[in-house]
Amino acid sequence: AIEANASREDEVAAALRTAHARLPGLDILVNLSGRQRRFAIVDFDPAQWREQMDSYALSAALTTKHFARVLVEGRRPGAVVHIASDAAAQGEPGNSGYSAAKAAVVNFCRAAAAELGVHGIRVNTISPTYMENNLWKYGYRENRDAHSTTAQDFLSGIPLRRFCRAADVAGAAVFLASDEASFISGVDLRLDGGAGAKYWAWRPGEFNPLLVEEYVRTASPAKYGEGHTDVSDP
């Protein structure tokens, strides 16, 4: 492991130089970095806004820059995958900074895919929705107000009736980085269980009710916070 702050260019450059020196054939970059800050628009601190933009959007640009630079100089193709969020394509109340930063990541990667394609470098993003490990990290009985979304809200709106898992993100990253995805670039792969495809007014949970409490009873946290879940229709 190499420790670095992904929003500081000198540290990103040094980390990638070290990585390329240790792994001369390195041609895959997967970036998952950032710090989320929730706040109301009417009283947010600009420092928190900048922190999110730096930790998500700037880190995406810096890691892509220094990773691609080595590949271009060596005339080698490669694959870049950034982990974004479904919040990049939707406005989430109380989470405007995060939504804006993740949207910046997605559109930066579209531009990078267009620009770096001539060098054989593919750039894609993955946009997960609410992660199952959050059930144990943050709990699932959040107080609800106009600027919050509970775990139950997410579960009730997902046609596949489960949360996104770490293995889902890992599998998508492996695919996008592999030769099987050699003609895929500039794509945002949504991991939302069909939530973004459904008609906005349809609430799956109202017709196939599944409470988070029931979900948690069938799941338990495992390594890396991922749950082992076996959820069947009630």
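**Figure 1. Salt bridge between Arg190 and Asp192.** Arg190 counts as partly exposed, at 29% relative accessibility. The model shown here and in the following views is predicted. The side chain of Arg190 meets that of Asp192 in a salt bridge, with an N to O distance of 3.2 Å. Asp192 is buried, and its relative accessible area is 9%. By the rule applied, the model has a count of 9 salt bridges.

**Figure 2. Salt bridge network of Arg8, Asp10 and Glu11.** Salt bridges that share partners join Arg8, Asp10 and Glu11 into one network. Asp10 is partly exposed, with a relative accessible area of 45%. Arg8 is also partly exposed, its relative accessible area being 42%.

**Figure 3. Salt bridge between Arg165 and Glu132.** The side chains of Arg165 and Glu132 form a salt bridge with an N to O distance of 3.3 Å. Arg165 lies in the loop between α5 (151–156) and α6 (166–177), and Glu132 in the loop between β3 (121–128) and α4 (134–137), so the pair ties together parts that are 33 residues apart in sequence. Arg165 is buried, with 17% relative accessible area. Glu132 is buried as well, with a relative accessible area of 1%.

**Figure 4. The largest cavity.** By the rule applied, there is 1 cavity of 30 Å³ or more. The largest cavity has a volume of about 30 Å³. Its lining consists of Asn31, Ser33, Tyr56, Ala60, His82, Ile83, Lys102 and Val105. At least two lining residues come from each of α2 (46–74), β2 (78–83) and α3 (96–116). By class, the lining of the largest cavity has 4 nonpolar, 3 polar and 1 charged residues.

**Figure 5. The second largest pocket.** The second largest pocket holds about 320 Å³ of space. It is lined by 19 residues, of which Ile2, Ala15, Leu16, Leu29 and Thr63 are the closest to its centre. Two or more lining residues are given by each of α1 (9–22), β1 (28–31) and α2. The largest share of the lining of this pocket, 5 residues, comes from α1. Sorted by class, 13 of the lining residues are nonpolar, 4 are polar and 2 are charged.

**Figure 6. Nonpolar surface patch around Trp202.** Tyr199, Trp200, Trp202 and Phe207 form a nonpolar patch on the surface. Together these four residues have about 600 Å² of accessible area. Trp202 sits in the loop between β4 (188–191) and α7 (204–207). With a relative accessibility of 38%, Trp202 counts as partly exposed.

**Figure 7. Leu211 in the loop between α7 and α8.** Leu211 is placed in the loop that runs between α7 and α8 (212–217). Leu211 is partly exposed, and its relative accessible area is 46%. In sequence, Leu211 and Asp86 are 125 residues apart. In space, the C-alpha to C-alpha distance between Leu211 and Asp86 is 22 Å.

Technical notes
Residues are numbered from 1 along each chain as its sequence is written. This is a predicted model: local features need pLDDT of at least 70, side-chain atom pairs count only at pLDDT 80 or more; totals for chains, interfaces and linings use all residues. Side-chain values use heavy atoms; hydrogens and water are left out. On a 1 Å grid over the protein atoms alone, a cavity is a set of points where a 1.4 Å probe fits but cannot get out, and a pocket is an open set with protein on both sides within 12 Å along at least five of seven lines; lining residues have an atom within 4 Å of a point. Grid points are joined across faces, edges and corners, and a volume is the space filled by probe spheres set on the points. Helices (H or I, at least four residues) and strands (E, at least two) are DSSP runs, numbered from the N terminus. Ala, Val, Leu, Ile, Met, Phe, Trp, Tyr, Cys and Pro count as nonpolar, Asp, Glu, Lys and Arg as charged, and the others, Gly among them, as polar. Patches are made of residues with over 30% relative accessible area and no salt bridge: like charges are joined within 9 Å, nonpolar side chains (Val, Leu, Ile, Met, Phe, Trp, Tyr) within 5 Å. Accessible areas come from the Shrake-Rupley method with a 1.4 Å probe; for residues, only the protein chains shown count as cover. Buried means under 20% relative accessible area, exposed over 50%, partly exposed in between (1.4 Å probe, protein chains only).
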